[in-house]
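Biologist: I have not worked with this protein before. Could you walk me through it, beginning with the overall layout?

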Amino acid sequence: MPVKILIAGGFGVGKTTTVGAISEIAPLTTEASMTSAGIGVDDPGVQSAKSTTTVAMDFGCVTIDRSLKLYLFGTPGQARFGFMWEDLARGALGALVVVDSARLADCHPAIDFFERAGLPFVVGVNAFDGRLAHDVGAIRWALAIGDHVPLVRFDARERLSVRDALLVVLDRALDRSTRERGA
């Protein structure tokens, strides 16, 4: 069974890395070099060595078991590409919102989008270099998300860590589907 999952979040949080870490095919990316025109518009953060940016989407897939294959669609992170999110979300069963704990404000548009759309989502805090800028409780409070929204710590570079985060997304989508059938 094919399942569409979105990988979303702000600019430079690790969405492309997340898709690439788990995809069993060479991921399709639409990376373009960052130019001087983006200075002051696209801020990857002080510590970042980022030199490219996603201008359309990323795509990858991973087989969970013989009956389940995930198709991963990574969204662009810049606000100017936000018009694409609705099309990318069509048919998705859930989303992983990737967050940089040092730049929490950058993920609010993604969280707001999925809350408005009613699409189940999980907040995945990317542990850059194994560290978080804040503890998980403080991050939940700063993002103003309720306990019903799973918040997981993961490393976008590590396949097993990405797998575990995606399994939480699947669990959330399955839980919602079960509740809707019972209603």
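Modeller: From the N terminus on, the order of elements is β-α-β-β-β-β-α-β-α-β-α-β-α, which comes to five helices and eight strands in the protein. Helices (H or I, at least four residues) and strands (E, at least two) are DSSP runs, numbered from the N terminus. This is a predicted model, in which local features need pLDDT of at least 70 and side-chain atom pairs count only at pLDDT 80 or more, while totals for chains, interfaces and linings use all residues. Residues are numbered from 1 along each chain as its sequence is written, and side-chain values use heavy atoms, with hydrogens and water left out.

Biologist: What share of the residues is buried?

Modeller: Buried residues account for 47% of the 183 residues in the protein, where buried means under 20% relative accessible area, exposed means over 50%, and partly exposed lies in between (1.4 Å probe, protein chains only). As for contacts (heavy atoms within 4.5 Å), among those between residues at least 6 apart in sequence, 71% join residues at least 24 apart.

Biologist: And the sheet, in what order do the strands come?

Modeller: The six strands form an open sheet in the order E4-E5-E1-E6-E7-E8, and the pairing is mixed; two strands pair if DSSP finds at least two bridges between them. E4 and E8 stand at the edges with a single partner strand each, so one side of each has no neighbour in the sheet. From one strand to the next, the twist averages 25°, with axes taken as lines fitted to C-alpha atoms, for helices over the stretch in contact, and angles running from 0 to 180 degrees between N-to-C directions.

Biologist: Which pairs are parallel or antiparallel, say E4 with E5 and E6 with E7?

Modeller: E4 and E5 are paired in the antiparallel sense over seven bridges, and Phe59 stands opposite Phe73 in E5. E6 and E7, by contrast, pair in the parallel sense over six bridges, with Val123 in E7 as the bridge partner of Val97.

Biologist: Is E7 enclosed or open, and why?

Modeller: E7 is largely enclosed by the rest of the structure, because six of its six residues are buried. That holds for both faces, with Phe121, Val123 and Val125 buried on one side and Val122, Gly124 and Asn126 buried on the other. In a regular strand the side chains alternate between the two faces of the sheet.

Biologist: Switching to helices, which residues of H1 are buried?

Modeller: In H1, which spans residues 15-22, the buried ones are Lys15, Thr18, Val19, Ala21 and Ile22. Seen down the axis of H1, they fall within an arc of 165° (taken from the directions from the helix axis to the C-beta atoms), so they line one face of the helix.

Biologist: What do those residues pack against?

Modeller: They pack against strands E1 (2-9), E4 (58-65), E5 (68-74), E6 (94-100) and E8 (151-154), and against helix H5 (159-182).

Biologist: How do H1 and H5 meet?

Modeller: Their axes come within 8 Å and cross at roughly 100°. H1 and H5 are therefore roughly perpendicular to each other, given that angles under 35 degrees count as roughly parallel, over 145 as roughly antiparallel, 65 to 115 as roughly perpendicular and the rest as oblique. Thr18, Ala21 and Ile22 of H1 make the contact with Arg159, Val162, Arg163 and Leu166 of H5.

Biologist: Where is Ser161, and is it buried or exposed?

Modeller: Ser161 lies in helix H5 and is buried, with a relative accessible area of 16%. Leaving aside residues up to four places away in sequence, Ser161 touches Phe154 and Asp155.

Biologist: What about Thr29, where does that sit?

Modeller: Thr29 is in the loop between H1 and strand E2 (31-33), and at 34% relative accessibility Thr29 counts as partly exposed. Not counting residues up to four places away in sequence, Thr29 touches Thr16, Met57 and Asp58. Thr29 and Phe73 are 44 residues apart in sequence, yet 9.9 Å apart in space, C-alpha to C-alpha.

Biologist: Last one, what is the phi of Ala144?

Modeller: Ala144 has a positive phi of about 55°, although it is not a glycine. Most residues other than glycine have a negative phi. Ala144 is found in the loop between H4 and E8, and it counts as exposed at 63% relative accessibility.
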